[in-house]
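Hi,

Here is the structure I promised to pass on. Have a look at it first, and my notes on pockets and aromatic rings follow below.

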Amino acid sequence: MHIAVLMFALMTAAAPALAEDEPAAKPIKLVVLGDSLSAGLGLPGQEAFPAKLRKALQDKGITIDMTNAGVSGDTSSGGRDRLDWSVPDGTEGVIVELGANDALRGIDPDLTRAALSDIVARLKARKIAVMLCGMLAPPNYGADYAARFNSIYPELAKKFDVPLYPFFLDGVAADAKLNQADGIHPTAAGVDIIVKNIMPTVEAFLGTLSEQRR
C-alpha cells in the first residue's frame, strides 16, 4: 500500500516538470514593411496581404504575430526613414515589400538600391531576419532603366544572403480581373493569388527562423 502511495506521489510530482519541458511554441513576430501593395489600399483590413498571409499560415498550423507596416505611397527611402518605429524590438522577421513607387516615379535606381541596402543591413544588425520581395520596373522608362532597377533585388539578396521572392505581383500584374480600377492595386482575389504564390518562399523563411530559435 505504501509503495502504491509513493509511486502516485512521484508521478504527480513529475507531471508539472514534463509540462514545463514542452512549452507551447510562441508565435513568430513578423512585420511586413511595404507600400500600398501590402498595406491593402482599397481593401478592407482583413483582405490585405499581411492578414491573408497570416490566415494562410495559420491554416497550416504556423502561428504568426503579424504586423502590417505598409504605408501607401511609400518609397524605399520612406521605408528606411521609418524603419526603427515600424519594426519594434522583439521582431523576429521582416518581409520587405518596397520599390514599386520608386519605379512608378522613375527614381534613380541607385537611390532605391541604397535605401533597400540600408534597410536590410540595419535589420540584420538588429539580428532580425529579412526576406526581400522583388519588383519590376514598368516599360515606360526604357530598357536601360528597367535593367538597372530590376537587378537591385537579386543582387541585394545575394550580397546579404537573404531569401528573395523575385516579383511580388507575379501572376497578378496587368491582369484586369485581378486588379482594382486603377490597374495597379490587387483586388482581394489578386491578393489570394499573391499569397498562394509566395507561400513556399515564406514557409522556407519561417522554417529558418524556427531553427534559429533552438
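A word on burial before anything else: I call a residue buried under 20% relative accessible area, exposed over 50% and partly exposed in between, with a 1.4 Å probe and protein chains only. This is a predicted model, so local features need pLDDT of at least 70 and side-chain atom pairs count only at pLDDT 80 or more, while totals for chains, interfaces and linings use all residues. Residues are numbered from 1 along each chain as its sequence is written, and side-chain values use heavy atoms, with hydrogens and water left out.

Rings first. Phe, Tyr and Trp rings (the six-membered one for Trp) pair if their centres lie within 6.5 Å; planes under 30 degrees apart are stacked, over 60 edge-to-face, and the rest tilted. The whole structure has four aromatic pairs. One of them is Phe49 with Phe168, edge-to-face because the planes sit at 80°, with ring centres 5.0 Å apart. That pair ties together distant parts of the chain, 119 residues apart: Phe49 is in helix H3 (residues 49–59), and Phe168 is in the loop between strand S5 (164–165) and H10. (Helices are DSSP runs of H or I with at least four residues, strands are runs of E with at least two, and both are numbered from the N terminus.) Phe49 is buried at a relative accessible area of 1%, and Phe168 is buried at 0%.

Phe149 and Tyr153 also pair edge-to-face, with centres 5.9 Å apart and planes at 65°. Both of these residues are buried. They belong to a cluster in which ring pairs link Tyr141, Tyr145, Phe149 and Tyr153.

Now the pockets. On a 1 Å grid over the protein atoms alone, a pocket is an open set of points where a 1.4 Å probe fits, with protein on both sides within 12 Å along at least five of seven lines; lining residues have an atom within 4 Å of a point. Points are joined across faces, edges and corners, and the volume is the space filled by probe spheres set on them.

The largest pocket is about 290 Å³. It is lined by 19 residues, and the closest to its centre are Leu104, Met135, Leu136, Leu169 and Ile184. H6 gives the most to this lining, with four residues.

The second largest pocket comes to about 200 Å³. Its 13 lining residues have Lys124, Ala129, Val130, Asp161 and Gln212 closest to the centre. Here H10 contributes the most, with five residues.

Cheers
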